[in-house]
Amino acid sequence: MQTSSIKLYSLNYNDSKTYIAAALFILGNIALPQLCHLVPQGGMILLPIYFFTLIGAYKYGWKVGLMTAILSPVINHLLFGMPAAAVLTPILVKSTILALTAGYVASHARKVSLALIAGVVLCYQVLGGAFEWAFTGSFAAAVQDFRLGVPGMLLQVIGGYLFIKHLLKR
C-alpha cells in the first residue's frame, strides 16, 4: 500500500481561497451527479454527491468540506429535485460526517493513502447508515449504500486518492 506525503491545507473562513475552493468542489458535486444519473440507478450505485466533498475536505480542510457537504445536496435538490426530499436529511448528515472525518484524518495523518481514504469512506458510511436507520426506521435504507453503492465507494477511495495525490499537487 503506497503512502505519500502531499501538501494539505486547513483553510479558514476569513480566507477567500476557502470560498473559491468550496465553490469549485460544489460545482463538481453538481456536475458529477448529473452525469451519473444518465446511467440507470447511477446515483445509488456511484454515490457521486460525496466525491468532491471527500476531496475538498481532505485536501483543503473540514471548513471547505463542510461548505461543500451542505451546499452541494441542497443546491442539487433545488435545481434538479435530486436528491429527493425524503433522503435529503440522511445525505446531508452523511456528507457532514464525511467532511468532518476527512478533515480530521488529513490534519492528523498529514499524508494520503488508500487505507486512510478507505477508512474515511467506511466511517461516514457506517455512522451515516446508523443515522439513516434511526431517522427512517428502515434497515434496508440504511444499508443500501453497502448493497448497491460499493462501486461508488471504490470510486471514492481510488478516485479520491488519485485526485488528491496527482491532480491537486499544489
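# Close-up views of a predicted model

View 1. With 18 residues at 1.5 Å a residue, H9 should span 26 Å, and its end C-alpha atoms are 24 Å apart, which agrees. The expected span of a helix is 1.5 Å times one less than its number of residues, and helices (H or I, at least four residues) and strands (E, at least two) are DSSP runs, numbered from the N terminus. Among the buried residues of H9 are Gly 152, Met 153, Tyr 161 and Ile 164, where buried means under 20% relative accessible area, exposed over 50% and partly exposed in between (1.4 Å probe, protein chains only).

Residues are numbered from 1 along each chain as its sequence is written. Because the model is predicted, local features need pLDDT of at least 70 and side-chain atom pairs count only at pLDDT 80 or more, while totals for chains, interfaces and linings use all residues, and side-chain values use heavy atoms, with hydrogens and water left out.

View 2. The buried residues of H3 are covered by elements including H1, helix H4 (62-80), H5, strand S2 (112-113), H6 and H9, where contact means heavy atoms within 4.5 Å. Just after H3, Gly 61 takes a positive phi of about 100°.

**View 3. Aromatic pairs.** The structure holds 10 aromatic pairs; rings of Phe, Tyr and Trp (its six-membered ring) pair if their centres lie within 6.5 Å, and planes under 30 degrees apart count as stacked, over 60 as edge-to-face and the rest as tilted. Phe 51 and Phe 52 form an edge-to-face pair, at 5.0 Å centre to centre with 90° between the planes, and both Phe 51 and Phe 52 are buried. The rings of Phe 131 and Phe 135 have their centres 5.5 Å apart and their planes at 20°, so this pair is stacked. Phe 131 and Phe 135 are 4 residues apart in helix H6 (residues 114-136), which separates them by about one helical turn. Phe 131 counts as partly exposed at 28% relative accessibility, and Phe 135 is partly exposed at 43%. Ring pairs also link Tyr 9, Phe 25, Phe 51, Phe 52, Tyr 60 and Phe 163 into a cluster. Of these, Phe 25 lies in helix H1 and is buried, with a relative accessible area of 7%.

**View 4. The largest pocket.** About 480 Å³ of space lies in the largest pocket, and its lining consists of 23 residues, of which Gly 43, Met 44, Pro 83, Val 87 and Ile 91 lie nearest its centre. On a 1 Å grid over the protein atoms alone, a pocket is an open set of points with protein on both sides within 12 Å along at least five of seven lines, and lining residues have an atom within 4 Å of a point. Grid points are joined across faces, edges and corners, and a volume is the space filled by probe spheres set on the points. The largest share of the lining, 4 residues, comes from H5.

View 5. In the loop between H1 and H2 is Gln 41, whose phi near 55° is a positive value in a residue other than glycine.

Methods
1 Å grid on protein atoms, 1.4 Å probe; cavity = no way out; pocket = protein on both sides within 12 Å on 5 of 7 lines; lining within 4 Å.
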